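Welcome to this short tour. Keep your viewer open and your selection tool ready, and we will go from stop to stop together.

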Amino acid sequence: MSLSWLLETDSKSLRSMNGSRRNSGSSLVSSSSASSNLSHLEEDSWILWGRIVNEWEDVRKKKEKQLKELVRLGIPHHFRAIVWQLLCNAQNMPIKDQYSELLKMTSPCEKLIRRDIARTYPEHEFFKEKDSLGQEVLFNVMKAYSLVDREVGYCQGSAFIVGLLLMQMPEEEAFCVFVKLMQDYRLRELFKPSMAELGLCMYQFESMIQEQLPELHIHFQAQSFHTSMYASSWFLTIFLTSFPLTVATRIFDIFMCEGLEIVFRVGLAILQMNQTELVQLDMEGMLQHFQKVIPHQLDSGPDKVIQAAYQVKYNGKKMKKLEKEYTTIKTKEMEEQVEIKRLRTENRLLKQRIDTLEKESASLADRLIQGQVTRAQEAEENYLVKRELATVKQQSEEFAAQLEQANNAIRQLQPQPQPQPQQQQQQPQAKGAPRYSEESMLQLERELVQARLKEAESQCALKEMQDKILDMEKRNSSLPDDTNVARLQEELIGVKLREAEALTGLKELRQQVRNLEDHWQRHLARTAGRWKDSSRKNTLSELQDELMSVRLREAEAQAELRETRQRMLEMETQNQIHSNQLRRAEQETRCLQDSVQTLTTQNKDLHVQLQEIKRRQAEIECKSKEEVMAVRLREADNIAAMAELQQQISELEIQKEEGKVQGQLNHTDSSQYIRDLKSQITELKHEICCLKGPRGLSGQPSFDGIHIVNHYAGADGSYQSSDEEGSRDAALLDARPSGDGRVRLRPNLRVSGSEEDEDEEDDEALRLSVPPATAHKSTTV
């Protein structure tokens, strides 16, 4: 028996066999209670599928149509694992060898997978028990795929597909088949986070409803019953969560062979079968009908719904066209979303700019008002200080007048000086004048002290007021002048104008956004009813779409133009602010340069003064050195003169001794010698009187604590010394002509006594025949 003959002759017998199948859990093979005829047919089916599996490549290439018919009739349970792998080409995938390594890794989706495992086929024997083998292998496959495709990761509906695969094959083979389904059967696009493919399926399915079931479509629209509310689970789980497992498995057989087309066909067939009931229900009723009524309608078997599904009109070209339309619509929506997002961003930026301008405006206004208030306060304080200063000056003048009066009173109360003898005769007349008591004197002195204290306090207050005036002048100089205030006012006016322009632009943009939203709503309303309109209306709709696009581009251009204008205004504002800052910086620089020049001039003046002081100090030091040298020279001269005088004194003493000896030898001449001595004494007394008069002693300044006595030679041949402090102790030198014609000097250094004492000493010395110089030894030198 050849394979081609089996494919041609057994299709009818397989169709008749399909009517006797019933639900048997996860197995689609009939029980042992079937009739012998049915067993024979099943045996033939097994033989047929066995040969198909063995000659798979030839059958797939040459008999593809007959293979699809056999798959639509159902794949035997024991052949499903191998046939599904052959249908999706998952027999020898390289990723199968990586499965054990993937299980050793850690996935970020493990918690989500663990949470959803208990919700996957909760009533099936293989998965219902916690931590059972079924849950463990399901976790392994989902974890491995989440590591292979990190973009998709884990999606909740994919666990039902993996669970169905695990019912038919081991986990490694199920993992390979699931990877193939995700890559080649559009499931990966369905399970992506954006779910863009699911939106396309909903759009295509809704278009098929609008075309083939218009009444039901109108009812859905009237009830706001969107396609995604009931059909999204059909596409995500291939009816595994909506239909009984036997029906869903038969549909999955066809899905493995033909792809998502069977989902569209079965979905539309279900709606056709339930259109009468659905039209009479509201939204809640329709949801209940899809969840509870429709699954029980399929308990009898999948043949009816599959037969109805292949009676549905399905045009592949039309589906491609719908895909292009959906892509265009989504592109426009994305562009509009981008435009709206850009407009919202511009709106937010404009609001921020307005807030900034308002803050700047408020800041400038505050600065202006604060400056004016400060100037007013400073003027008021200046006026008050001037008044206080005038009051203090007046009080100071009053205190000065009182002080003058007190001084006059004190001068009047002071005691008069003692009168001279020639004025004693006037005292009796003054005795009659009134005398002040001591108490009044003390009272006046206290008043004088108080007046002086008040004067000192007034001087302190005056000084404080002057310091305040200087401080206020400095602060007034630091305040902005009228020119700066005018510039600040100009800046404030400019900011206000730009703020008004920004507000106007914001209002216009808001109005454009509202217009665009209105146009978009009308566009949505037109596109919603496009399928039931005529070709002329469709053309009009296309023209309106083009008009909408032109308006969008126009709004975009206007927004860009306003953005450019806003940027230009911002640049002008920044330019003006920078120019004002530069102007202020130049003014501050000029002020600093002036202060630097002033300080430089002061520094030069101080340097000149310092040089002058150093020069004067050097001159004073030179003069002091010269004076010290002169003093030392005079001291040396004085020492020499004193040595010479001492020598002369010694010579005179020797002469006196000689005279005494001569007097003793020549008693005859002693009387004459005494007379000569008396005459000499008289002359000496006369000279002493003369020296005490006009030639008195005068002082000499001292240096470094050294007292120097200068001897000057008089006109009469005698030396005299003087002391500036008025000292009366001096050395008197007597000059007498000696026998050899030289002048002899005799020192008479007086310590105490008078001229009478000297006469008595001389007379006593003469009586004792002792020279007078001997009697003076105790008081001389």
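Start by selecting Phe205, Phe220, Phe225, Tyr230, Trp234, Phe235, Phe239, Phe243, Phe264, Phe290 and Tyr314, which form one aromatic cluster. Rings of Phe, Tyr and Trp (for Trp, its six-membered ring) pair if their centres lie within 6.5 Å; planes under 30 degrees apart count as stacked, over 60 as edge-to-face and the rest as tilted. By this rule the count comes to 24 aromatic pairs.

A word on what you are viewing: this is a predicted model, where local features need pLDDT of at least 70 and side-chain atom pairs count only at pLDDT 80 or more, while totals for chains, interfaces and linings use all residues. Residues are numbered from 1 along each chain as its sequence is written, and side-chain values use heavy atoms, with hydrogens and water left out.

Now look at single pairs. How are the rings of Phe220 and Phe225 arranged? They form a tilted pair, 5.2 Å centre to centre with 55° between the planes. Phe220 is buried (under 20% relative accessible area, where exposed is over 50% and partly exposed is in between, with a 1.4 Å probe and protein chains only), at 4%. Phe225 is buried too, with a relative accessible area of 4%.

Next, select Tyr230 and Trp234, an edge-to-face pair at 5.6 Å centre to centre and 70° between the planes. Both sit in helix α14 (residues 228–237), 4 residues apart, about one turn of the helix. Helices here are DSSP runs (H or I, at least four residues), numbered from the N terminus. Tyr230 counts as buried at 5% relative accessibility, and Trp234 at 3%.

Is Gln204 buried or exposed? At 3% relative accessibility, Gln204 counts as buried. Contact means heavy atoms within 4.5 Å. Leaving aside neighbours within four places in sequence, Gln204 is in contact with Arg186, Phe264, Met319, Leu322 and Glu323.

For the last stop, show helix α15 (residues 245–258) and helix α16 (residues 261–273), whose axes come within 8 Å and cross at roughly 140°. Axes are lines fitted to C-alpha atoms, for helices over the stretch in contact, and angles run from 0 to 180 degrees between N-to-C directions. The two helices, α15 and α16, are therefore oblique to each other; angles under 35 degrees count as roughly parallel, over 145 as roughly antiparallel, 65 to 115 as roughly perpendicular and the rest as oblique. Finish by selecting Ile251, Ile254, Phe255 and Glu258 in α15, which meet Glu261, Ile262 and Val266 in α16.
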